[in-house]
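Welcome, and thanks for taking a look with me. Please keep the structure open as you read.

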Amino acid sequence: MRFYEYESKALFARHGIPLPKGSRVARTADEARQIAAEIAGPVVLKSQVLSGGRMKAGGVLFADAPDAAKTAAAKILALEINGHAPRGVLVEARQPIAQEYYLGITWDGIAKLPVMILSDMGGIDVEEVAERHPEHIARQHFSTLLPFSEFRAKQLVAQLGIGGADLGRITRVAAALAGIFTRYGLTLAEINPLAKLADGSFIALDGHVDMEAEARDAHTALLRELGIGSDETRQARPPTPFELRGAEIDAADHRGVAGNVTEFDGELGLVIGAGGGSLTLFDAVRAHGGKPANYCEIGGNPSVGKTCELTKLILSKPGVRKIAVMMNVVSNTRVDMVARGVIKGCVETGRDPAQAIAIFRIPGSWEGEGEKLLEKYGVEYCDRSVSMYEAAGRAVAKLGAA
């Protein structure tokens with residue numbers, strides 16, 4: 001779940017990370033004028049959208065006086081960026097910058113540890129810096145089991161040859177950011193840029209925070225205080241009717257998972273699962289030249305009715321010609337129940353299961369019963385001897401031959 005910039009900064013402020021003067025969100029142009037008047041100096045106004053490219057799109061403007069701030073805010077509030085209407089306008093004091101840094105923490109899947117990243121080339125894409133100027137990037141892993149030591153943050157900063165007062169000031173910000181990352185179940189905590197001002201102090205000019213969806217229930221009080229509703233998915237775009245219906249199907253029955261769908265514009269519907277295996281299968285379909293109509297997750301032994309409704313939803317999507325039902329080896333999901341649900345969904349939408357189901361690959365519990373049922377309806381079944389990659393290829397090939 002993504003936070004807006006103003007929410008990220010409110011979280012930073014709670015833990016002592018310094019922000020620009022003002023740093024408040026305005027919902028109207030008049031509110032922006034009032035904040036600018038309280039700042040009593042030049043201000044920057046930034047559109048609050050969950051999208052990049054604000055500067056190029058005209059979502060970041062500057063003003064030297066309250067009336068000019070009001071005019072700028074009116075323009076920003078009327079501007080959609082990449083299809084997103086702004087939640088508000090963040091108004092902050094504009095201050096002289098001596099140098100910009102990048103500071104971020106994310107999860108390193110290979111090391112299975114959080115990693116702090118610092119660059120003395122802030123304000124630009126850190127991936128670009130890492131590729132073109134790797135000597136300007138420092139990294140430092142830390143444990144989630146042991147108490148965080150500020151020494152880890154100091155080691156990070158020292159890697160770039162930063163010393164003196166700057167070493168201590170950046171270290172304190174990095175340590176605070178690490179505490180936020182671990183305390184709130186984040187997947188990303190980022191300050192870009194972390195600015196050194198002309199007087200030697202440091203402030204977070206921009207902030208980006210992503211929280212694990214599973215961490216929401218543990219931090220409902222924080223989310224409520226930040227004004228984040230329990231119904232907000234905070235994806236890169238508003239959910240489509242297809243995605244909302246998928247969420248309804250999943251929520252209507254507590255047994256297992258059969259939902260979490262993301263809509264795409266392809267022609268092969270996907271009923272896939274097994275955690276990271278679902279991402280692998282999605283990528284495998286694309287690698288074989290297929291065009292997925294959706295991303296989806298099933299698992300945890302969903303009921304026949306739940307799987308049926310999900311199948312009907314995917315088959316009802318315009319442009320979907322066939323579906324591929326694929327999972328990794330599972331122990332708690334009954335193959336026969338998934339097979340019954342998918343076949344029932346095909347029949348109830350007036351589709352012949354043999355024609356609608358391109359492939360069925362779910363090895364696991366009650367596998368023999370599931371295979372018999374699929375054979376009865378003429379559906380090709382793959383056991384665990386067929387890799388997920390190969391199964392995805394077969395599905396794409398069948399779609400091309402249809």
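This is a predicted model: local features need pLDDT of at least 70, side-chain atom pairs count only at pLDDT 80 or more; totals for chains, interfaces and linings use all residues.

1. Let's start with the open sheet, where three strands follow the order β12-β14-β15 with parallel pairing. The edges belong to β12 (268-272) and β15 (357-361); each has a single partner strand, so one side of each has no neighbour in the sheet. From one strand to the next, the twist averages 10°.

2. Now look at how β14 and β15 join up. Strand β14 covers residues 322-326 and pairs with β15 in the parallel sense through four bridges. If you want one to find by eye, M326 has R361 in β15 as its bridge partner.

3. Helix α12 lies across β14 and β15, and runs at about 170° to β15.

4. On the α12 side, the contact involves V335, D336, A339, R340 and I343, while α14 brings E367, E369, G370, L373 and L374. By type, the residues of this contact are five nonpolar, one polar and four charged.

5. Finally, is H219 buried or exposed? This residue sits in the loop between β10 (207-211) and α8 (220-225). Its relative accessible area is 15%, so H219 is buried. Leaving out residues up to four places away in sequence, H219 touches R183, Y184, G185 and M211. The H219 side chain also reaches the backbone oxygen of R183, at 3.4 Å.

Terms used. Residues are numbered from 1 along each chain as its sequence is written. Side-chain values use heavy atoms; hydrogens and water are left out. Contact means heavy atoms within 4.5 Å. Helices (H or I, at least four residues) and strands (E, at least two) are DSSP runs, numbered from the N terminus. Ala, Val, Leu, Ile, Met, Phe, Trp, Tyr, Cys and Pro count as nonpolar, Asp, Glu, Lys and Arg as charged, and the others, Gly among them, as polar. Buried means under 20% relative accessible area, exposed over 50%, partly exposed in between (1.4 Å probe, protein chains only). A polar contact is a pair of N or O atoms within 3.5 Å; within protein, one must be able to donate a hydrogen and the other to accept it, and residues adjacent in sequence count only if both atoms are side-chain atoms. Two strands pair if DSSP finds at least two bridges between them. Axes are lines fitted to C-alpha atoms, for helices over the stretch in contact, and angles run from 0 to 180 degrees between N-to-C directions.
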